[in-house]
Amino acid sequence: MSAKVLSSAKYQVQDHLKPGGLTGISAKQIEAHWQLYEGYVKNTNELLEELNHARLGSRHWGELKRRLGYEFNGMVLHELYFGNLAAGTALSSRSPRAAARGETWGDLPAWREDFAKTAAIRGIGWVILYHEPIAGHLFNWWVSDHEVNHPAGLRPILVLDVFEHAWMVDYGAGEEAKYVDAFLENVDWETVEQRFKDSAG
Ligand SMILES: [Fe+2]
């Protein structure tokens, strides 16, 4: 039964999410990064196909399942990341909730500082502004690799890739902070606001 469900999934590269014309994040950087994303889509589909043929409950089957968390999350997080990057968008005062002002951080600069400091945590992974839809809390959250430390039940509102591959074409080692600043100048706040509205219901 589960094998049928798995084999029916075929994921496509989401070309419409590819950003362009960004400030401080070059087309060459995006191109190199996009190729990595395409690899996650390919690997996710291949893993699902392999699972369909692996012996149920075998060690190999279990390792494929474990690996799927890495590839699948790598695929989806990149789609969320590229999907919240756009040139020439500014944070609107009309969207304070999605921008994480308000109760949690008090004001936008405080949120931004918290977000950037979270990005400076040592390690590879993601910084995600999450919305918790029951109590309505917002969190700037650290995720290791693609699949470690996701909070259960929370909705990703703004997603930042802090793997070195996300900035090393444009910035040298030790210059991650410049990339994070550039990212924050290229956030598609309309998309962020929409994700927040979808989560808040
Ligand atoms: Fe990435």
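H146 sits in the loop between β2 and β3, where helices (H or I, at least four residues) and strands (E, at least two) are DSSP runs, numbered from the N terminus. With 0% relative accessibility, H146 counts as buried; the cut-offs are under 20% relative accessible area for buried, over 50% for exposed and partly exposed in between (1.4 Å probe, protein chains only). Setting aside neighbours within four places in sequence, H146 is in contact with Y40, Y70, N73, G74, L77, H78, W126 and F163, contact being heavy atoms within 4.5 Å.

A quick note on the ground rules: this is a predicted model, so local features need pLDDT of at least 70 and side-chain atom pairs count only at pLDDT 80 or more, while totals for chains, interfaces and linings use all residues. Residues are numbered from 1 along each chain as its sequence is written, and side-chain values use heavy atoms, with hydrogens and water left out.

**The iron site**

One of the contacts of H146, H78, is also a donor of the iron ion. The protein donors are H33 (NE2), H78 (NE2), D161 (OD) and H165 (NE2), lying 1.8 to 2.1 Å from the iron ion. Donors here are N, O and S atoms within 2.8 Å of the metal (3.2 Å for Na, K and Ca); water is not among the atoms, so sites may look incomplete. Angles among the 4 donor atoms run from 88 to 135°, and the site is tetrahedral, a label that asks for four donors with all angles between 85 and 135 degrees. For reference, the ideal angle for four tetrahedral donors is 109.5 degrees.

Along the chain, the donors follow the spacing H-x44-H-x82-D-x3-H. H33, in helix α2 (residues 27–53), and H165, in the loop between β3 (155–161) and α5 (176–184), link distant parts of the chain, 132 residues apart. H33 is buried at 0% relative accessibility, whereas H165 is partly exposed at 24%.

**The sheet and its helices**

There are 3 strands in an open sheet, ordered β2-β1-β3 with antiparallel pairing; two strands pair if DSSP finds at least two bridges between them. β2 (138–144) and β3 are the edge strands, each with a single partner, so one side of each has no neighbour in the sheet. From one strand to the next, the twist averages 25°. β1 (residues 125–131) pairs with β2 over 7 bridges, and W126 stands opposite V143 in β2.

Two helices lie across β1, β2 and β3: α4 (residues 108–119), at about 10° to β2, and α6 (residues 189–200), at about 150° to β3. Axes are lines fitted to C-alpha atoms, for helices over the stretch in contact, and angles run from 0 to 180 degrees between N-to-C directions.

**Aromatic pairs**

The structure holds 15 aromatic pairs. Rings of Phe, Tyr and Trp (its six-membered ring) pair if their centres lie within 6.5 Å; planes under 30 degrees apart count as stacked, over 60 as edge-to-face and the rest as tilted. Two of the pairs look like this:

| Pair | Centre to centre | Angle between planes | Type |
|---|---|---|---|
| W111 and W189 | 5.9 Å | 70° | edge-to-face |
| F139 and W141 | 5.5 Å | 80° | edge-to-face |

W111 lies in α4 and W189 in α6, so their pair ties together parts 78 residues apart in sequence. Both W111 and W189 are buried. F139 is partly exposed at 30% relative accessibility, and W141 is partly exposed at 23%. One aromatic cluster takes in W34, Y37, Y81, F82, W111, F115, W126, F163, F183 and W189.

Conventions:
Tetrahedral: all angles 85-135°; square planar, octahedral: opposite > 155°, others 65-115°.
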